[in-house]
Amino acid sequence: MPFLGQDWRSPGQSWVKTADGWTRFMDEKSGGFVGDISSFCKKDDHNKENIFNTINYDVAAKKRKKDLLNNKAKTQYFHQEKWIYVHKGSTKERHGYCTLGEAFNRLDFSSAILDSRRFNYVVRLLELIAKSQLTSLSGIAQKNYMNILEKVVQKVLEDQQNIRLIRELLQTLYTSLCTLVQRVGKSVLVGNINMWVHRMESILHWQQQLNNIQITRPAFKGTTFTDLPLCLQLNIMQRLSDGRDLVSLGQVAPDLQVLSEDRLLWKKLCQYHFTDRQIRKRLILSDKGQLDWKKMYFKLIRCYPRKEQYGDTLQLCRHCHILSWKGTDHPCTANNPETCSTSLSPQEFINLFRF
């Protein structure tokens, strides 16, 4: 009996033996037989036209659905796990290795941005990926990246906090995409070029929304920051880790402008971010012959990276090679699991997947 399947792996057709010979069996729902292919082709032109119209309609519908998912996908098509196993090579028990895109898909970053302790960590990770690792992500990981970025922007628009941080992230991503789109012939991006143009338009729209934010003064009539004693105001300002925040705070009121110029404040900020050796290489004297710590700070941040400190980070268990957020229990077989975990900075997280 001939094998008349779509290809050699298909189960073939159903045939029955009749008085005239073997006849192909129609689908059970139709309740009849089909003699041969030519009998099907002898139908009137009207039926043929309906068939072809149906086929064209299905193809067009599938294409529109695919474009919609590529351009405006909001749902994440993967599991969100509390911890993942990081394997760097193939073994008899496991084939392949864990990539940055796989870790980015599987770890729960969507919930992490809602936690104030993890927000800055995720934003810094998104910025590092935008700078150099965007092309190493798979297609679904790149889509996930844009979905998480949209959630970050929406959170900032609602809370009106960390506006400058997200502006810098969007500008970094847009600059990287402009460079990558020009090299589209080298297949550096996954997906159609129109899809990436649409994403770049979304970035410009988000930037415009951030620029239009107008922070309204709260209606609270109680004690304000300027009503506090000067020692408390200085104590609060010393907890700001970014010098640009001090400059912005000094522009609120004349009294705060005087406090934001305090030399001891800028000295502690320099000593917090940079080592003594780095500071000695960038000494700047004021007109009075004293060290100008404010100018030194802004010169140092152009030469050296600032110290990064986060409320919560990802951690790697050196014993079982499991990656998870701090405080997340994982099936560790070590006697003292607490001593085996190492906190990872965003850059260390990315370096973990460079083989």
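Author: Lysine 155 is placed over the face of phenylalanine 119, at 4.9 Å from the ring centre. A second contact of this kind involves arginine 199, which lies over the face of tryptophan 196 at 4.5 Å from the centre of that ring. Both descriptions, like everything that follows, refer to a predicted model.

A pair of aromatic rings is described by the distance of the centres and the angle of the planes. The count for this model comes to 11 aromatic pairs. One of them joins tryptophan 266 and phenylalanine 298, whose centres are 5.7 Å apart and whose planes make an angle of 50°, a tilted arrangement. Tryptophan 266 belongs to helix H12 and phenylalanine 298 to helix H14 (residues 293-303), so this pair ties together parts that are 32 residues apart in sequence. The two partners can be described by their accessibility as well: tryptophan 266 is buried, with a relative accessible area of 1%, whereas phenylalanine 298 is partly exposed, at 22%. The cut-off matters for this reading, because buried means under 20% relative accessible area.

Another pair is formed by phenylalanine 349 and phenylalanine 353. Their ring centres are 5.3 Å apart and their planes stand at 75°, so the pair is edge-to-face. Phenylalanine 349 is buried, at 0% relative accessibility, and phenylalanine 353 is also buried, with a relative accessible area of 8%.

The pocket may now be considered. The largest pocket holds about 1500 Å³ of space. Its lining consists of 42 residues, and those nearest the centre are Asn120, Leu165, Ser241, Asp242 and Asp245. By class, the lining has 16 nonpolar, 10 polar and 16 charged residues. Helix H5 (116-133), H6, H7, helix H10 (243-250) and helix H12 (263-273) each contribute at least two residues to this lining. The largest share, 8 residues, comes from H5.

Some details of the backbone complete the account. Most residues other than glycine have a negative phi, and most peptide bonds are trans. Asparagine 162 has a positive phi, near 55°, although it is not a glycine. Asparagine 162 is situated in the loop between helix H6 (139-159) and helix H7 (163-182), and it is partly exposed, with a relative accessible area of 36%. Histidine 321 likewise has a positive phi, of about 55°, and is not a glycine. Histidine 321 occupies the loop between strand E5 (314-317) and strand E6 (322-325), and at 39% relative accessibility it counts as partly exposed.

Finally, cysteine 340 is found in helix H15 (residues 337-340) and is buried, at 13% relative accessibility. Cysteine 340 and cysteine 320 are 20 residues apart in sequence, and their C-alpha atoms are 8.8 Å apart in space.

Conventions:
Residues numbered from 1 in each chain as written. Predicted model: local features only at pLDDT ≥ 70, side-chain atom pairs only at ≥ 80, totals over all residues. Heavy atoms only, no water. Helix = DSSP H or I, 4+ residues; strand = E, 2+ residues; numbered from the N terminus. Buried < 20%, exposed > 50% of the residue type's maximum accessible area, 1.4 Å probe, protein only. 1 Å grid on protein atoms, 1.4 Å probe; cavity = no way out; pocket = protein on both sides within 12 Å on 5 of 7 lines; lining within 4 Å. Points joined across faces, edges and corners; volume = space filled by probe spheres on them. Nonpolar A, V, L, I, M, F, W, Y, C, P; charged D, E, K, R; others polar. Phe/Tyr/Trp six-rings, centres within 6.5 Å; stacked < 30°, edge-to-face > 60°. Lys NZ or Arg CZ within 6 Å of the ring centre and 35° of its normal.
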